[in-house]
Amino acid sequence: IPGTAFNLPLNGFVREGHTFLGWSLVKNGPVVYANGAGFTSGTEDVTLYAKWQLNNYTITFDANGGVGGTVTSLPYGSSLNPPTVTKTGHNFVEWLPVPPATVPAENAVYVAQWVKLSYTFTFDANGGTGGDSFTLAYGDPITPPEVERFGYIFDGWDPEVPQFAPAEDMIFTAKWTPKLYTVTFDANGGTGGTSYQLAYGDPLTPPPVEKPGYDHVGWDPAIPPTMPSENVTYTAVWSPKLYTMIFQANGGTFPEHGTNFYQVKMPFGSPLVAPLATRPGYDFVGWDPVLPDTVPNKNSVFTAKWKIAKTTV
C-alpha cells in the first residue's frame, strides 16, 4: 500500500571477506538505507542492492628467531607473497601453516620453520699430539680436545675457541710456550763454568773453560746440539798437560842412563823424581832450582849442584 511505513528486514546475506554497509538503490551505488532502516512504500516496486566493503586482514609472517618477518594489513583476496627470511646457522624449510596464494578472510600467522646447519671445526695440535676435527650443528657446545707437546706448555688456541659452534667452518691452532730448564756447566776445578736457563730445543753452546796445567778434552756427558727437556749438568773433563823435564849432571853423570843429560816428558802434577847423579870427588848437594814434589806447569831445567868431597889423609 503506497505510503505505508515499515522497517527494512535485517540483512541476511554474507559475502566472504566483505563487510555489509547498507542498501543502495542502484548496483554499486551509494548507500541509501542502513541495515534495518525505516522505509515508506511508494507507487512503484523498488529493488535494493547490498553494498559491500572489502575487508583488510592482518597477515603475520613470523621469522621464528630469524630476520625478515613482516606484519601487514592486506585486502582480502589480494596476492599473498611471503617475505624472504634468514636465520644465522639455519636453512629455511617452509612456512607453517602453508600460506595460500591470496589473502584469506581472517587474520593469519605463518611461522618460519628452520633446520640447523652443521660446520667443521679443526683443532691443529701445531707440532703436538691430540689434534682433532669434527662436525657440530650451529649453536652446539664446543669442547676442544686435550693436546700436549713434549717440552712445551699449552698456551691456548688461536683464535680463541667460542663456547658454542658459530655459523662457519673454523681452524684453531694450538699455541705453545717452551718449558725452561736449567743447564749447568761445571768447570770441575777450572774456571769459566756457568749455569742458566734455556727453553727446550734452544741451541746449546758450552762456555770456554780453562784449568792451569790441563787440556780441556770434553764434557761428561757429551753435550747435545739443543737443550733437552730436563735440568742437566755437564762436567768438564781435563787431561794433564805434558811438560819436558831436563836434568843436567853439571860435570857428573847419570849412571842409570849412561849420560850427563837426561830429558823426560811428564804430566802436570805427577810425582817428580830426579835421576841419580854422581861425580867423582864431589858430593851431590841438590838441584838448581829446587826440585818440586810434582811436575810444575811449565817446561823446566834442573841442574845438579856439587861440592868438593873431603878426604881424610
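This passage describes the overall form of one protein chain and then a selection of its local features. The model is predicted.

The protein chain has zero helices and 20 strands. Its radius of gyration is 57 Å, whereas the globule rule gives 20 Å for 313 residues, so the chain is more spread out than a compact globule. The spans of the C-alpha trace along its principal axes are about 205 × 25 × 20 Å. Of the 313 residues in the chain, 28% are buried. The accessible surface comes to about 19100 Å², and carbon and sulfur atoms account for 52% of that area. Contacts were also sorted by separation in sequence. Among those between residues at least 6 apart, 47% join residues at least 24 apart.

Pairing between strands was examined around β16, which covers residues 232–240. Strand β13 (residues 180–186) pairs with β16 in the parallel sense, over four bridges. Within β16, valine 232 is the bridge partner of valine 183. Strand β15 (residues 214–220) is also joined to β16, in this case by six bridges, and these two strands run antiparallel. Here the bridge partner of aspartate 215 is serine 239 in β16. Strand β16 is therefore paired in the parallel sense with β13 and in the antiparallel sense with β15, where a pair of strands is defined by at least two bridges. In a regular strand the side chains alternate between the two faces of the sheet.

Threonine 60 provides an example of a buried residue. Threonine 60 is part of strand β5, which covers residues 56–62. Its relative accessibility is 17%, and because buried means under 20%, threonine 60 counts as buried. When residues up to four places away in sequence are not counted, threonine 60 touches Thr70, Val71, Ala108, Val109 and Tyr110.

A nonpolar patch was found on the surface. The patch is formed by Leu25, Val26, Val32 and Val46, which together have about 310 Å² of accessible area. One of these residues, valine 46, lies in the loop between β3 (38–40) and β4 (49–54). Valine 46 has a relative accessibility of 44% and so counts as partly exposed.

Side chains of opposite charge can pair when their charged atoms come close. A search of the whole structure finds one salt bridge. In this salt bridge the side chains of aspartate 140 and lysine 116 meet, with an N to O distance of 3.9 Å. Aspartate 140 is in the loop between β10 (132–137) and β11 (152–158), while lysine 116 is in strand β8 (residues 108–116), so the pair ties together parts that are 24 residues apart in sequence. Both residues have intermediate accessibility: aspartate 140 is partly exposed at a relative accessible area of 25%, and lysine 116 is partly exposed at 44%.

The loop between β9 (118–124) and β10 contains glycine 127. With a relative accessible area of 67%, glycine 127 is exposed. The C-alpha atoms of glycine 127 and threonine 173 are 10.0 Å apart in space, and the two residues are 46 residues apart in sequence. Asparagine 126 is found in the loop between β9 and β10 as well. Although asparagine 126 is not a glycine, its phi is positive, at about 55°. The relative accessible area of asparagine 126 is 34%, which means that this residue is partly exposed.

A positive phi, near 55°, also occurs at asparagine 188, a residue other than glycine. Asparagine 188 lies in the loop between β13 and β14 (194–199). Its relative accessible area is 36%, so asparagine 188 is partly exposed.

The peptide bond from leucine 96 to proline 97 is cis, with omega near -10°. Proline 97 belongs to the loop between β7 (90–96) and β8. Aspartate 158 and proline 159 are likewise joined by a cis peptide bond, for which omega is about -5°. Proline 159 is located in the loop between β11 and β12 (170–178).

Methods
Residues are numbered from 1 along each chain as its sequence is written. This is a predicted model: local features need pLDDT of at least 70, side-chain atom pairs count only at pLDDT 80 or more; totals for chains, interfaces and linings use all residues. Side-chain values use heavy atoms; hydrogens and water are left out. Patches are made of residues with over 30% relative accessible area and no salt bridge: like charges are joined within 9 Å, nonpolar side chains (Val, Leu, Ile, Met, Phe, Trp, Tyr) within 5 Å. Accessible areas come from the Shrake-Rupley method with a 1.4 Å probe; for residues, only the protein chains shown count as cover. A salt bridge is a side-chain nitrogen of Lys or Arg within 4 Å of a carboxyl oxygen of Asp or Glu. Buried means under 20% relative accessible area, exposed over 50%, partly exposed in between (1.4 Å probe, protein chains only). Contact means heavy atoms within 4.5 Å. The radius of gyration is taken over C-alpha atoms; the globule rule is 2.2 Å times the number of residues to the power 0.38.
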